[in-house]
Amino acid sequence: MLELQGVSASYGAVRALDGVDLTVADGEIVTLVGANGAGKTTLLMTICGRPRAVAGAIRLKGQDITRLPTHRIAGLGVAHAPEGRRIFGRMTVRENLQLGARLAPPDRFAVNLDSVLALFPRLAERIDQRGGTLSGGEQQMLAISRALMAEPELLLLDEPSLGLAPLIVTQIFAAIGRINRERGTAILLVEQNAHHALRLAHRAYVLATGRVVMQGPAAELAANKDIQAAYLGGMPG
């Protein structure tokens with residue numbers, strides 16, 4: 001589904017990614033683990049073309065997308081639920097979802113709307129409410145649902161649990177698992193909650209200062225003592 005080969009990206013003179021190799025297979029959940037500033041968010045944004053990779057290649061289903069504009073990448077089946085949610089606060093839940101659906105066939109709107117409202121029933125109760133008046137958890141549900149309305153084959157999720165209460169985090173991760181199982185959507189997940197991420201994912205990569213320093217099956221990384229000490233509070237997941 002997705003392949004990064006030797007990808008580097010910079011912000012001015014600051015190198016944020018340095019020769020990253022990464023793959024996401026069809027129907028796979030892959031998580032990125034790393035400290036703040038490791039380059040995880042930059043990696044997701046580079047896949048979408050902003051910032052542009054300064055070296056290496058990014059391929060989606062075998063097609064080189066390294067130099068494509070962001071809207072073309074989205075049109076090929078990539079959807080991004082960014083860090084901080086970035087919903088449109090003055091628009092209603094329905095209007096946010098309508099914007100997300102612009103890349104999907106118009107006759108699929110009703111089916112996709114029913115699907116995301118079944119995934120997040122709370123949004124059905126808030127369908128005509130402005131996005132800015134939703135709770136943090138509801139806004140995260142809306143951000144994920146807006147991305148799903150485009151019928152993506154690859155879903156990029158950036159910190160979906162950030163700032164949320166534990167009960168809501170559990171609901172969000174359960175929904176991510178359902179998206180993968182029921183839709184077959186490939187997911188690349190950046191997540192500060194390494195416990196949840198490594199339990200959910202099939203494989204994981206560890207980023208440090210823009211480089212991949214470890215990779216493998218998520219269960220194996222969760223059992224690794226170095227990973228436990230650095231990201232899991234020193235305790236087994």
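The legends below describe close-up views of a predicted model.

**View A. Packing of helix 3 against helix 4 in the predicted model.** Two packed helices are described by the angle between their axes and the distance between the axes. For helix 3 (residues 93–100) and helix 4 (residues 109–119), the angle is about 125° and the axes lie 11 Å apart. Because angles over 145 degrees count as roughly antiparallel and those from 65 to 115 as roughly perpendicular, helix 3 and helix 4 are classed as oblique to each other. The crossing of helix 3 and helix 4 is right-handed, and Arg 94, Leu 97 and Gln 98 of helix 3 meet Phe 109, Leu 113 and Val 116 of helix 4 in the contact. Sorted by class, the residues of this contact comprise 4 nonpolar, 1 polar and 1 charged.

**View B. The cis peptide bond between Arg 50 and Pro 51.** Most residues other than glycine have a negative phi, and most peptide bonds are trans. The bond joining Arg 50 and Pro 51, however, is cis, with omega at about 5°. Pro 51 is placed in the loop that runs between helix 1 (40–47) and strand 4 (55–60).

**View C. Positive phi at Glu 159.** Although Glu 159 is not a glycine, its phi is positive, at about 55°. The residue belongs to the loop between strand 7 (154–158) and helix 7 (166–183), and with a relative accessible area of 7%, Glu 159 is buried.

**View D. Positive phi at Thr 209.** Thr 209, likewise a residue other than glycine, has a positive phi near 45°. Thr 209 sits in the loop between strand 9 (203–208) and strand 10 (211–217), where its relative accessibility of 69% makes it count as exposed.

Methods: Residues are numbered from 1 along each chain as its sequence is written. This is a predicted model: local features need pLDDT of at least 70, side-chain atom pairs count only at pLDDT 80 or more; totals for chains, interfaces and linings use all residues. Side-chain values use heavy atoms; hydrogens and water are left out. Axes are lines fitted to C-alpha atoms, for helices over the stretch in contact, and angles run from 0 to 180 degrees between N-to-C directions. Helices (H or I, at least four residues) and strands (E, at least two) are DSSP runs, numbered from the N terminus. Angles under 35 degrees count as roughly parallel, over 145 as roughly antiparallel, 65 to 115 as roughly perpendicular and the rest as oblique. A crossing is left-handed if the near helix is turned anticlockwise from the far one by less than a right angle, and right-handed if clockwise. Contact means heavy atoms within 4.5 Å. Ala, Val, Leu, Ile, Met, Phe, Trp, Tyr, Cys and Pro count as nonpolar, Asp, Glu, Lys and Arg as charged, and the others, Gly among them, as polar. Buried means under 20% relative accessible area, exposed over 50%, partly exposed in between (1.4 Å probe, protein chains only).
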